[in-house]
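These are my notebook entries on one protein chain. I record what I looked up, entry by entry.

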Amino acid sequence: MFSEGTKSSFTEYVTKLRLDQAAELLIANSRLPVSAVAERVGYRNVQYFHSKFKARFGVTPVQYRKSQQGFKDLQTL
């Protein structure tokens with residue numbers, strides 16, 4: 001039933017939620033190390049987190065943070 005309602009498996013759904021939360025943390029807490037972000041969203045292996053994040057967003061967590069930082073700065077003007 002879950003797969004029919006969400007059009008994805010439970011694991012894919014949870015992974016998407018975790019990575020979306022990681023993306024938010026990377027922007028909201030720019031001084032928080034990527035390893036701490038990975039841990040907060042449930043990844044114990046930072047390399048695995050990097051590979052899953054890059055697969056979802058097309059960039060590494062560090063690249064994502066840098067690309068979004070300018071956008072965040074513009075929002076505060």
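Over which ring does the charged end of R56 sit? I looked this up and found the ring of F57, with the charged end of R56 placed 5.2 Å from the ring centre. I note at the outset that the model is predicted.

**Entry 1: the chain as a whole**

Read from the N terminus, the order of elements is α-α-α-α-α. The chain has 77 residues, and 26% of them are buried. I then looked up the accessible surface, which comes to about 5,500 Å². Carbon and sulfur atoms account for 54% of that surface. For contacts between residues at least 6 apart in sequence, I noted that 51% join residues at least 24 apart.

**Entry 2: helix α4 and its ends**

I turned to helix α4, which covers residues 46-57 and so has 12 residues at an expected 1.5 Å a residue. From the first C-alpha of α4 to the last, the helix reaches 16 Å, close to the expected 16 Å. What caps the N-terminal end of α4? The cap is N45, which has a side-chain oxygen 2.9 Å from the backbone nitrogen of Q47. At the other end, α4 is followed by G58, and I noted that the phi of G58 is positive, near 80°.

**Entry 3: aromatic rings**

How many aromatic pairs does a search of the whole structure find? The search gives six. One of them joins Y43 and Y48, with 5.9 Å from centre to centre and 50° between the planes, a tilted pair. I looked up the accessibility of both partners. Y43 has a relative accessible area of 6%, so I recorded Y43 as buried. Y48 has 45%, so I recorded Y48 as partly exposed.

The rings of F53 and F57 form a pair as well, with centres 4.6 Å apart. Why is this pair called tilted? The planes of F53 and F57 stand at 35°, and therefore the pair counts as tilted; stacked would require under 30 degrees, and edge-to-face over 60. Both residues lie in helix α4, four residues apart, which is about one turn of the helix. F53 is buried, because its relative accessibility is 0%. F57, at 27%, is partly exposed.

R18 lies over the face of Y43, 4.0 Å from the ring centre. R56, with which I began, has its charged end over the ring of F57.

**Entry 4: helix α2**

Helix α2 runs over residues 10-28 and has 19 residues. Its end C-alpha atoms are 27 Å apart, which agrees with the 27 Å that the helix should span at 1.5 Å a residue. Which residues of α2 are buried? I listed T15, L19, D20, A22, A23, L25, L26 and I27.

E24 also lies in helix α2. Is E24 buried or exposed? Its relative accessibility is 51%, so E24 counts as exposed, since the cut-off for exposed is over 50%. I looked up its separation from R65: E24 and R65 are 41 residues apart in sequence, yet 9.4 Å apart in space, C-alpha to C-alpha.

R40 lies in helix α3, residues 34-40. With a relative accessibility of 57%, R40 counts as exposed. Which residues does R40 touch, not counting residues up to four places away in sequence? They are L25, N29 and L32. For R40 and L25, I noted 15 residues of separation in sequence and 9.0 Å in space, C-alpha to C-alpha. L25 itself is among the buried residues of α2.

Where is G42 found? I located G42 in the loop between α3 and α4. Its relative accessibility of 44% makes G42 partly exposed. G42 and T15 are 27 residues apart in sequence and 9.7 Å apart in space, again from C-alpha to C-alpha. T15, like L25, is one of the buried residues in α2.

Conventions
Residues numbered from 1 in each chain as written. Predicted model: local features only at pLDDT ≥ 70, side-chain atom pairs only at ≥ 80, totals over all residues. Heavy atoms only, no water. Helix = DSSP H or I, 4+ residues; strand = E, 2+ residues; numbered from the N terminus. Polar contact = N/O pair within 3.5 Å; in protein donor to acceptor, adjacent residues only side chain to side chain. Phe/Tyr/Trp six-rings, centres within 6.5 Å; stacked < 30°, edge-to-face > 60°. Buried < 20%, exposed > 50% of the residue type's maximum accessible area, 1.4 Å probe, protein only. Lys NZ or Arg CZ within 6 Å of the ring centre and 35° of its normal. Contact = heavy atoms within 4.5 Å. Areas by Shrake-Rupley, 256 points an atom, 1.4 Å probe, with all protein chains shown as cover.
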